[in-house]
Structures are given as structure tokens and as C-alpha cells.
Amino acid sequence: MSSTPLETNGARPLPLAGVRVLDVSQVMAGPYACMLLGDLGADVIKIEPPGSGDQTRGAMGFKLKGADSLGFLNLNRNKRSIALNLKSEAGKEVMRRLVAEADVLVENYRPGVMKKLGFGYEACRAINPRLVYASISGFGQSGPWSDRPGFDLMAQAMSGVMSVTGHPDSPPVKAGVPVADIGCGMLAVYGILGAYIGAQKNGEGQYVDASLFDTALAFSVWDVCDYWGTGRVPGPVGTANKMSAPYQAVACADGHFVMGANNQKLWLRLCQVINRPDLAVDERFGDIAARLRNRPELIEELEKTFRTQPKDYWVETLLEAGIPAGPILNYAEAFDSDHAQARGMRMEIDHPVEGRVPNIGFPVKLSGTPPQVRRHPPLLGEHTAEVLAELGMSEAERAALAGQGAFSDE
């Protein structure tokens, strides 16, 4: 356990208060996983290469006041940063002392890199048997693709996700958001917490192997069940759904909206609400299987009616009838909506360089110990001296390590 005092939220400590996490990761999946742990109270120490730091600090095509990108600021709140040269012997000595005090280590280097640096799982386990060690990679730590560089785009392409994204006969399309990256970060947290709970019972940590490829495959439930059940390889169906119809975006008088009458009860109610009793008795649309077989004709018939009114009319009318429906919003509209504001999905964080910076709000709410912002996204190496002091290093010892290249890239 960390020796730092428990962070509290009112009368109750945050769930992971006192848990120390070493974030030896960059870009998205690893930093996102560690941020989620930090949001729940963990003491996350971000270990970064001196000079450049996390690659995401310099990402994106625009700059704020300082050197760090808004992307970095949205993936690294609730962390402390230490700049550490893991290629120097002095830096390795600091790392060994950090590992000895940690509960969790998260890294996302290409498989084998941490071992070459002297901090693979077995080496760290020898220092700290209760350590939960999580590796996040593109394709996992084993298998013929394991040594390939892994990014969200490759995971989407090679897992089949891109094959079912977009419209039939269109060029390849990836999901608009990094589903493999963010999903892998979340599943890594699932593995980390499970392993950590186990370590509290038996005193032994374990290795967590999370990959973008496995994550993307795990998201393919409906598509792969369709394939295994029928033998037909799924393809893209636009906004539609392979399991039910109508369930997709449809055209109306002023654009498109989404709706879903995805069971027989809702289908019959839809026919009644839009005053199309003829569709309810049309054998082409008699049940879900028939509607799936004749989806183009089904949507064509529905749009004849939907095109008579604007989307706001249809969304309101269908919702009043208990039929799921909604407008198609862009990000500006979504974040500005009354609902997103009520859910706290945009928040402002104080930052020593940027002032107030926007952050995406906490995606999960806890009633007794809600996540909270305890620390701004750190400047590169901002907490190096603080963390070393917590390890019991004197100023003279820190100066000696600095002279030996522990905290610089020279």
C-alpha cells in the first residue's frame, strides 16, 4: 500500500485511496486506464521519458497556452508526473524503489521492451510479489502478431470491426471513436481490479495481459454470433442492426433521426402511431425475421410516412408512444444538451499553465464515493522531487542520482 494519507470524499475515503499505481504508459489506452483508477482515488505516478514525456503531450494539430495538448489534459488528470530515464542505471535504481512500494504497474510498450529495460513482470515480481502488473498492447503478449505495433486503427481492421462498419459497397470505414483503445483501457481496469482484490486475499499479485485486438473481438458479440450461427460472414449495414428491424437512422422531412421498434409489440405500436395499419398486416413485415429479410423495402415504406414531418415531430411522437427514438447530434449539440449538462459530462479543471481547461466528465457515477478531481493533469516531471522524498531519498541522494542521469535524457 502507498504510505500517503487516504484521500477522502466527505466522510468516506474514495474506493482506491491508498492504492499506488505506476503509470508507465503513453498515448491512450494505458493513460486512460490509469486515469480511471486515479478518479477512484488511486495515487497514480506517471513515469515519463525526460525531455519529451508522454507522446500525447505534443499531439493534436493546435496548441493551447503551454506545451501540453488538450488530448493529454483529458487523459491524465489525478496523476503525478516523474521524469525518469529508464535507460540509465541511476534511473533504474529509482524505478526499483518505486516498484517496491507500488500496488499496480501499467505499461504499454511493445512486448519485450520492459523486459529489456529490466522491468518485465518477473523482474518486478522478484522485487514486489504482491504487485499487479498490467501490460497493454496491440495484439497481446503471445501469438504470431504479438510483436507488431498496435494502434486502434490496426485493431479495428484486423479484428473484423472495420468489416462491419459503414455501408454496403462503401470503402473501408473505421468506427468514429477509438473503440479498441478506450475499450482496452476499460477492460484493463477490470483485470487490474480483479487481480488487486485477489492480491489482498492471498498476498500475491499477477500478470494482466490486455490487448486492443482482443478487446475489439470481444465487442463483436452480435456479429460473431450471426456468423457462428449461420455460417455467413457479416458485412456492414450502415446504422441498421443485424438482430432486429426497424432499428436504424431513417429519413424525414428535414434530415434523419434514429428509431427502434425492435420487438413485435413495438412494431405493432409503430404501425398504429404513424397510421400505417397496412404495414402491420403486410406479410413481408410479419415478424422480426421477415422484417430483417425485407429491410430495404421496410425502410422505404416507413420513410414514405416519416418524410411528411420533421425529425422533432417524429422523435416527440414516438417517445410519447413509448417507442425509442432520438435526434442525431454532433458533439457540440450533445455536450450542450440539457441532459449532458445535468449528467456533468463537461467539467472545468484548474491548471497551473492553462487556467481552466475542459475535461470530459466522469462516465460512471457512484452514490457514496463519487469520483473527483484531486489533481490537475501534471506538467512533465512536476512531482519528481515530491515522489522521491516520499521514497525516503535525501536531497543529497537526489542530487547524486540527477548527476548520474536519472532524470534527464542526456
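This is a predicted model: local features need pLDDT of at least 70, side-chain atom pairs count only at pLDDT 80 or more; totals for chains, interfaces and linings use all residues.

Analyst: Residues are numbered from 1 along each chain as its sequence is written, and side-chain values use heavy atoms, with hydrogens and water left out.

User: How many residues does the largest nonpolar core have?

Analyst: A nonpolar core is a set of buried Ala, Val, Leu, Ile, Met, Phe, Trp, Tyr and Cys residues joined through side-chain atoms within 4.5 Å; buried means under 20% relative accessible area (1.4 Å probe, protein chains only). Val-21, Val-106 and Ile-136 have the most contacts inside the largest core. The number of residues in this core is 31.

User: Is Asn-76 buried or exposed?

Analyst: Exposed would require over 50% relative accessible area, and partly exposed lies in between. Asn-76 has 0% relative accessibility, and therefore it counts as buried.

User: Which side chain makes a polar contact with the side chain of Asn-76?

Analyst: A polar contact is a pair of N or O atoms within 3.5 Å; within protein, one must be able to donate a hydrogen and the other to accept it, and residues adjacent in sequence count only if both atoms are side-chain atoms. The side chain of Asn-76 also reaches the backbone oxygen of Phe-72 at 3.0 Å. At 3.1 Å, the side-chain partner of Asn-76 is Lys-46.
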